[in-house]
Amino acid sequence: MTIALETRALTKQFGGLTAVDSVDLVIQENAIFSVIGPNGAGKTTFYNCITGFYEPDAGEALFYGKSLVGLTPDQVTYRGISRTYQNIRLFANMSAIENILVGEHACLRASWLEAIIRTPRVIKEEKDALEKARQLLNFVGLNSLGDQLARNLPYGAQRRLEIARALASQPRLLLLDEPTAGMNPHETTDMMHFIRRLRDELSITILLIEHDMRVVMGISEQIAVLDYGAKIAEGTPAEIQRNPRVIEAYLGSGAASGLNDAAKQPA
Amino acid sequence: MKKQLRHAVNAGGIFGIITIFLFLIGFTGTAADLFSDLFRNKNAAPFLSLNPQMLNMLIFLGLIGLWAGAYGSRKSKSQTDDPWGAALIGGLTAGLVHGLLVSGLALLVGTLNLRGVRINVYLSELLPDAIKLFLVGKSPLQGATVHIVFLTLTGFLGGLLSRGVGRGSWRVRSGAAWNSILEKISQQSIVKQVRGSRNTRYVVYGILLLLVFLLPLRAGPYWNYTIGTVGIYVLLGLGLNIVVGLAGLLDLGYVAFFAIGAYTMALLTAPQPHHLMWSFWIALPIGVLLAALTGLLLGAPVLRMRGDYLAIVTLGFGEIIRILSKSDALTPFTGGPSGVKAIGFPTLFGKPFNSGVDFVYLIFLAVLLIIFVTNRLQNSRVGRAWEAMREDETVSRAMGINTLTQKLLAFAIGAAFAGLGGALFASRNVFTGPEDHNLMVSINVVAVVIVGGMGNIPGVIAGALMLKGLPEVLRQLEDYRVMVFGALLIVMMLWRPAGMIPSARRKMEVEKDKGVIETPDEGRGK
């Protein structure tokens with residue numbers, strides 16, 4: 001098995017606070033890997049360290065064996081990592097299809113001069129880009145909404161569009177940050193199927209931050225638990241559910257022993 | 001009912017104050033003059049012992065009265081049930097309050113005038129003649145009565161117009177008839193074909209273009225100068241539109257690049273202070289390139305800032321360039337405060353472009369070129385990256401967009417457009433000096449972009465026409481030009497806050513024939 005992403009003692013501090021505390025993770029290619037933890041555990045900071053928004057203070061992040069540390073966010077995208085955001089961050093005043101076209105930026109070559117002259121190559125490139133954007137819209141089930149402004153889309157559609165935009169850069173690794181936040185049970189189930197489809201049909205490795213235990217336990221192959229920035233457990237869903245340290249982190253000390261039985265059933 | 005009444009009284013009060021203000025600054029007389037120009041009735045026979053001048057003034061006041069009545073009767077809770085009542089309560093009350101205020105003033109001013117107080121010592125516009133006109137040549141009491149009766153009546157009429165007649169059944173019926181005619185026409189196959197065809201659009205553009213190109217031949221030197229200025233502001237507006245409208249970088253020192261273009265043209269082609277006398281066609285690209293280069297040099301350190309900070313730094317830069325251009329130390333190089341004279345004009349195939357008409361065409365060509373370039377850029381990978389950056393800079397970086405490079409690019413291209421505008425401006429005016437490049441230019445260009453419609457080419461053109469063309473059209477109004485202009489701007493921003501022609505998203509014609517798509521989350525989302 002090839003390792004898609006590996007972090008070695010990855011650390012990020014804000015002043016005296018250690019938001020990510022020497023986290024070691026190994027994510028296999030084509031896996032669905034979840035990172036869970038209570039609020040403020042450093043999950044999103046961990047994402048930001050990988051995607052170049054923050055520079056880690058110590059440690060290493062390797063993507064297919066090459067270091068990501070010191071790269072800017074756009075360079076990380078060119079390496080093949082793409083992400084979505086906890087609070088949806090679409091380009092609100094651009095249409096859905098334009099959002100995806102922006103996502104394709106990294107795959108297109110046209111410079112400003114070529115754009116003015118509109119060489120045959122650029123014309124073809126634009127045509128292909130539009131075609132690909134339409135296919136992606138179809139793939140996420142939004143093909144009738146392409147000309148709508150992103151901010152006018154319903155909530156679930158915005159989530160899907162954000163994923164479509166992330167997919168447009170043809171990533172090998174997709175980081176999803178709470179993709180089912182604010183969704184009802186029905187929508188959540190749809191999203192679960194959708195994430196699995198992403199992996200199966202596009203063979204993309206998926207790293208997932210999620211609070212909904214039904215989703216986490218339902219689709220992850222491997223789970224890591226963060227608490228106060230440090231990794232306190234890692235394993236398969238079944239292992240995590242039995243882990244007393246995880247239960248303690250979620251429910252407080254003392255609860256671990258009493259709730260061991262309850263935790264055996266999926267939340 | 002009570003609310004309605006209060007609204008009407010308020011409306012009357014507001015319009016009373018407006019009318020009084022207009023009278024105090026002497027606008028009632030100017031308006032009468034305007035109308036007499038319009039109706040050409042200066043020498044008409046008196047009507048009901050009122051001479052044409054007075055009639056014209058009453059017409060003007062009547063229009064305000066109508067407006068007051070319409071406004072006063074507008075806020076009615078019951079929308080359509082009782083138009084007469086609404087007109088009576090709203091229009092009549094507003095008219096009465098309006099009339100009372102104005103007639104009170106007329107009485108006061110008229111009495112003072114009769115007593116021999118010379119009001120124009122305090123209010124320069126209130127000459128005895130103006131007061132006499134305002135009282136329609138009668139005694140203060142009679143004049144005041146005329147005002148109160150007249151304004152109450154027009155208020156009532158205004159109320160009727162907006163509530164009673166305006167929403168009456170004839171309007172509904174005629175509207176329906178009109179719509180059915182339109183529908184019938186659009187059902188015709190020929191009309192459908194013409195409307196659906198792309199060629200129609202090109203034909204319309206072609207006709208517009210032809211009209212624009214024929215215009216300078218008939219316009220005369222003064223209007224050609226104005227058209228040229230509008231054209232240059234279109235250039236500047238389109239350039240700034242890339243920086244502000246697309247890339248979202250607020251640049252308040254845009255005039256700096258304009259000045260660099262103008263001074264490059266001036267110093268390279270004028271006999272003083274350098275005696276280079278280069279050809280216009282060599283100086284023009286140098287000016288454009290220098291402006292773009294300055295954009296890059298300024299942008300590299302500055303564009304790391306966001307929003308307001310960027311605005312302040314660029315504002316300072318604009319002033320630095322102007323102050324440098326008039327500094328004593330640089331006078332041998334730039335010509336100093338007195339500017340540069342006798343700037344060269346272009347010749348093409350041996351034909352000098354020195355008449356006003358020729359230069360208008362040159363500016364037209366530049367505008368067309370810039371529209372073409374902007375259009376191409378806007379609908380490309382680069383343009384999308386700019387817009388994404390404006391929407392959310394952080395996320396756009398995660399899309400693989402190198403924001404610093406893209407900002408520099410936007411800044412440099414915007415600067416190049418300004419350089420082109422500046423070079424043309426200097427050459428057309430044959431003169432340029434520091435005061436051509438003051439802060440007002442920057443502010444005007446920002447206003448062109450905002451009033452016209454950000455991020456939109458037709459919007460910018462409309463904005464330039466409005467901000468640079470309209471003041472010239474309004475020259476008829478003489479001293480009130482600026483006031484009317486300001487009022488128009490306010491009205492514009494209230495009516496169309498997104499600009500005259502706000503940018504519409506381009507339709508990408510996403511396929512819709514694939515049947516209903518399951519979006520299970522639609523409508524049920526949070």
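Predicted model: local features only at pLDDT ≥ 70, side-chain atom pairs only at ≥ 80, totals over all residues.

I began with the second largest cavity, which is lined by A:Leu101, A:Val102, A:His105, A:Leu108, B:Arg381, B:Arg384, B:Ala385 and B:Ile401. For the record, on a 1 Å grid over the protein atoms alone, a cavity is a set of points where a 1.4 Å probe fits but cannot get out, and lining residues have an atom within 4 Å of a point. Two elements give two or more residues to this lining: α3 (96-103) of chain A and α15 of chain B. I noted that α15(B) has the largest share, three residues. The volume of the second largest cavity is about 30 Å³, where volume is the space filled by probe spheres set on the points, with grid points joined across faces, edges and corners. I sorted its lining by class and got five nonpolar, one polar and two charged residues. Here Ala, Val, Leu, Ile, Met, Phe, Trp, Tyr, Cys and Pro are nonpolar, Asp, Glu, Lys and Arg are charged, and the others, Gly among them, are polar.

Residues are numbered from 1 along each chain as its sequence is written, chains are lettered from A and ligands numbered from 1 in the order written, and side-chain values use heavy atoms, leaving out hydrogens and water.

How many cavities of 30 Å³ or more are there? The count is two. The largest cavity holds about 50 Å³, and its lining includes A:Thr51, A:Pro73, A:Arg83 and B:Ala398. From chain A, α2 (73-79) and β6 (81-83) each supply at least two of the lining residues; helices (H or I, at least four residues) and strands (E, at least two) are DSSP runs numbered from the N terminus.

Next I turned to the interface. I found 45 residues of chain B in contact (heavy atoms within 4.5 Å) with 52 residues of chain A. The two chains bury about 4600 Å² between them, 57% of it on carbon and sulfur atoms. That is the accessible area (1.4 Å probe) lost on putting the two parts together, summed over both. The rule gives two salt bridges across the interface, each a side-chain nitrogen of Lys or Arg within 4 Å of a carboxyl oxygen of Asp or Glu. One of them joins B:Asp392 and A:Arg89 at 3.0 Å, N to O. On the chain B side, α14 (356-378), α15 (381-391), α16 (393-398) and α17 (403-429) each supply at least two residues. Of these, α15(B) brings the largest share, seven residues. By class, I wrote down 16 nonpolar, 10 polar and 19 charged residues for that side.

I also checked the second largest pocket, at about 1300 Å³. A pocket is an open set of points with protein on both sides within 12 Å along at least five of seven lines. Among its 29 lining residues, B:Ile18, B:Leu22, B:Trp67, B:Ala487 and B:Val491 are the closest to the centre. The lining has 26 nonpolar residues, one polar and two charged, and α20(B) gives the largest share, eight residues.

Last, the backbone. The peptide bond from B:Gln272 to B:Pro273 is cis, with omega near -10°, and B:Pro273 is in the loop between α10 (255-269) and α11 (280-302) of chain B. A:Tyr64 has a positive phi of about 50° although it is not a glycine.
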